[in-house]
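Let's take a friendly walk through a pocket and the helices around it. Have a look at the model first, then read on.

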Amino acid sequence: MNYNVTVMKSFYLLGFPGLSPKYYKPVSALLFLFYLAIAVGNIFILTFVVYEKSLQKPTYLLLCHLALNDLTFGTLTLPKIISKYWFGGGFISFHGCFTQMFLVHYSGSVTSFMLLAMALDRFIAICIPLRYPVLVTNNSISVLCGFAWFIPVPLMLTIVLHTLTLPFCKSNVIAQCYCDHISITSQACGENVQIVQVTALCIAMFCLLLPLAFILFSYIFICVVILKMSNATGRMRTVSTCTPQIFITCLFYLPRCFVYVSNTVGFSFSLDVRILVVLLYSLLPAAVNPIIYCFKTQYIKQHLIKKIKTTRIGMQLNL
């Protein structure tokens with residue numbers, strides 16, 4: 001079969017196709033505030049843990065790695081779509097689009113493996129607490145996080161290099177707010193498109209479902225241990241140590257599962273709604289996670305309140 005293959009020099013990010021031009025500035029301002037929330041929240045967590053020596057423990061080091069990844073993801077995706085609606089800069093170079101695709105999927109995969117590491121931390125702390133100080137140290141967590149950052153690299157490179165082999169004969173319009181694999185391959189042609197898409201799907205399922213399986217396995221065992229506790233106060237204290245991780249994990253996985261299940265059962269969204277849902281489930285965790293860290297992690301909350309009270313007393317004394 002002959003295809004009308006053109007050399008793509010750039011792609012155009014469509015954003016929200018049904019959005020009226022009169023709303024471009026308000027939408028860009030809203031997205032900018034969203035990015036500001038991601039940046040301020042995650043930089044605060046990183047700075048607070050680095051500054052507070054007493055917080056430099058395995059659990060909080062994990063939160064730092066996740067905050068760094070959330071900050072990276074927001075920085076990779078939001079500035080370009082903000083510039084589109086603010087300055088009319090919707091075009092992105094061919095290789096720039098592929099670079100963004102790599103980094104977007106890489107960041108999502110890192111988050112998945114970080115959540116696995118967090119589940120492992122809670123599993124050891126609750127199920128085998130006597131071994132926790134030996135097994136879970138700052139060094140062991142650093143190694144575990146190193147694997148979480150490294151494992152997705154060859155997998156995502158495989159996806160990108162495989163996609164680069166495809167000829168592009170359709171439109172250069174990306175029906176999304178950032179470049180992702182589905183949007184890019186939908187503009188490709190040739191007999192290998194389906195092979196590339198299936199390969200990418202298998203890698204994505206490995207990066208998402210393998211950690212999810214371990215997370216579910218861990219929390220099932222944790223629930224069993226908690227239910228066996230005779231002390232109600234001890235049960236509540238133990239549950240409270242897991243609450244932040246559970247919230248963060250649900251924010252990451254549940255919206256994705258909803259979208260995948262909806263597509264499977266034939267429930268279709270309009271293009272604008274689909275783009276909005278993908279944008280929200282990709283970026284909402286990055287904005288909300290710092291709030292969860294501060295208000296659901298007792299140790300961080302206590303230190304934060306203590307710092308605020310100390311600062312307030314210092315200001316009163318100066319007055």
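## A pocket among helices

The helix α8 contributes the most to the lining of the largest pocket, with eight residues. This is a predicted model, in which local features need pLDDT of at least 70 and side-chain atom pairs count only at pLDDT 80 or more, while totals for chains, interfaces and linings use all residues. Residues are numbered from 1 along each chain as its sequence is written, and side-chain values use heavy atoms, leaving out hydrogens and water.

The largest pocket has a volume of about 960 Å³. A pocket here is an open set of points on a 1 Å grid over the protein atoms alone, where a 1.4 Å probe fits and protein lies on both sides within 12 Å along at least five of seven lines; lining residues have an atom within 4 Å of a point. The volume is the space filled by probe spheres set on those points, which are joined across faces, edges and corners.

In total, 40 residues line the largest pocket, and His 105, Ile 182, Ala 204, Tyr 260 and Tyr 281 lie nearest its centre. Elements giving two or more residues to this lining include α2 (58-87), α3 (94-127), α6 (152-164) and α8 (193-228). Helices are DSSP runs (H or I, at least four residues), numbered from the N terminus. By class, the lining has 23 nonpolar, 13 polar and four charged residues. Ala, Val, Leu, Ile, Met, Phe, Trp, Tyr, Cys and Pro count as nonpolar, Asp, Glu, Lys and Arg as charged, and the others, Gly among them, as polar.

How do these helices pack? Two packed helices are described by the angle between their axes and the distance between the axes. Axes are lines fitted to C-alpha atoms over the stretch in contact, and angles run from 0 to 180 degrees between N-to-C directions.

| Helices | Angle | Axes |
|---|---|---|
| α3 and α8 | about 20° | 9 Å apart |
| α2 and α3 | about 160° | 10 Å apart |
| α6 and α8 | roughly 170° | within 10 Å |

The angle makes α3 roughly parallel to α8, where the cut-off is under 35 degrees. The helices α2 and α3 are therefore roughly antiparallel to each other, a term for angles over 145 degrees. Likewise, α6 is roughly antiparallel to α8.

The contact of α6 with α8 (heavy atoms within 4.5 Å) includes Leu 155 and Met 156 of α6 and Ile 195 and Val 196 of α8. Its residues divide into nine nonpolar, four polar and no charged.

Note on methods: Parallel < 35°, antiparallel > 145°, perpendicular 65-115°, else oblique.
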